[in-house]
Amino acid sequence: MSYLHRLKCSAPLLLVLAAATSDPSGPRFTAEGAFIPPADYREWVFLSSGLDMSYSEGMSMPGHSFDNVFVDPASWAAFKRSGHWPDKTTFAMENRGAATKGSINEKGHFQTGDLMGVEFHVRDESRFKGGWGFFASNGTTPATLLPASAPCYACHQTHGAVGTTFTQFYPVAKAIAMKAGTFREE
């Protein structure tokens, strides 16, 4: 999911600075059902990075941005065995600014420290209709669930290569899914 995809979902998705850490038993929620983002998601398995990705041809934004995708270690271990994302899988995708000039860089783009937001894609079969939920936050509280009517649900259902995940953009995971026979070509 890119910054532009967030715009399409009609919800600002910002970083949540929570004191929670990843829990090997799965995602954590408040009593009200809000997702508690793990503070250590950057220590999870790094799946891929995209530059200026957009899922809509007509949308554009000023400047450049990187999307960095992480998945919790327990889900990655299960995925490597089966090519399937198990229940309780949590993806974190952070959006960071990009720059071209800095230090000794003369060409290309690099990531800046400018964090533009974090999105969470959580699988919990008992909690979400369809098994997956997308979360947004105001930056200071646990992340609220986007409504099932948000376009991101239909987009992921239609275009997800493994379940509702965009595994087609994660090269190592794509190879595993293809070998396991769980990869769906569009």
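The legends below describe close-up views of a predicted model of one protein.

**Figure 1. Overall arrangement of helices and strands in the predicted model.** The secondary structure of this protein consists of four helices and six strands. Followed along the sequence, these elements occur in the order α-β-β-α-β-β-β-β-α-α. The protein has 186 residues, and 47% of them are buried.

**Figure 2. The second largest pocket and its lining.** The space in this pocket amounts to about 160 Å³. Strand S5 (132-136) and helix H3 (151-159) are the elements that each give two or more residues to the lining of the second largest pocket. Helix H3 provides the largest share, namely four residues. Among the residues lining the pocket are Lys-129, Trp-132, Phe-134, Tyr-153, His-156 and Thr-164. Sorted by class, the lining contains five nonpolar residues, five polar residues and one charged residue. Rolling a probe the size of a water molecule over the atoms is a way to show where empty space remains.

**Figure 3. Asp-67 and its polar contact with Asn-95.** Asp-67 belongs to strand S2, which covers residues 65-71. Is Asp-67 buried or exposed? Asp-67 counts as buried because its relative accessibility is 3%, and the limit for a buried residue is under 20%. The side chain of Asp-67 is joined to the side chain of Asn-95 by a polar contact of 2.4 Å.

**Figure 4. Aromatic rings in the protein.** The count of aromatic pairs comes to 16. Phe-128 and Phe-135 are both buried. Elsewhere, one aromatic cluster is formed by Trp-76, Phe-79, Trp-85, Phe-91, Trp-132 and Tyr-170. Trp-132 from this cluster is also one of the residues that line the second largest pocket.

**Figure 5. Arg-127 over the ring of Phe-29.** Here a charged side chain is viewed together with an aromatic ring. Arg-127 lies over the face of Phe-29, and the distance to the ring centre is 3.6 Å.

**Figure 6. Ala-74 in helix H2, shown with Gly-26.** Helix H2 spans residues 73-82 and includes Ala-74. With a relative accessible area of 43%, Ala-74 is partly exposed, because that class lies between the limits of 20% and 50%. Along the chain, Ala-74 and Gly-26 are 48 residues apart, while their C-alpha atoms are separated by 8.6 Å.

Figure 7. Most residues other than glycine have a negative phi. Lys-88 sits in the loop between H2 and strand S3 (90-99), and its relative accessible area of 26% makes Lys-88 partly exposed. Ser-103 is exposed, as its relative accessible area is 79%.

Conventions: Residues numbered from 1 in each chain as written. Predicted model: local features only at pLDDT ≥ 70, side-chain atom pairs only at ≥ 80, totals over all residues. Heavy atoms only, no water. 1 Å grid on protein atoms, 1.4 Å probe; cavity = no way out; pocket = protein on both sides within 12 Å on 5 of 7 lines; lining within 4 Å. Points joined across faces, edges and corners; volume = space filled by probe spheres on them. Nonpolar A, V, L, I, M, F, W, Y, C, P; charged D, E, K, R; others polar. Buried < 20%, exposed > 50% of the residue type's maximum accessible area, 1.4 Å probe, protein only. Polar contact = N/O pair within 3.5 Å; in protein donor to acceptor, adjacent residues only side chain to side chain. Phe/Tyr/Trp six-rings, centres within 6.5 Å; stacked < 30°, edge-to-face > 60°. Lys NZ or Arg CZ within 6 Å of the ring centre and 35° of its normal.
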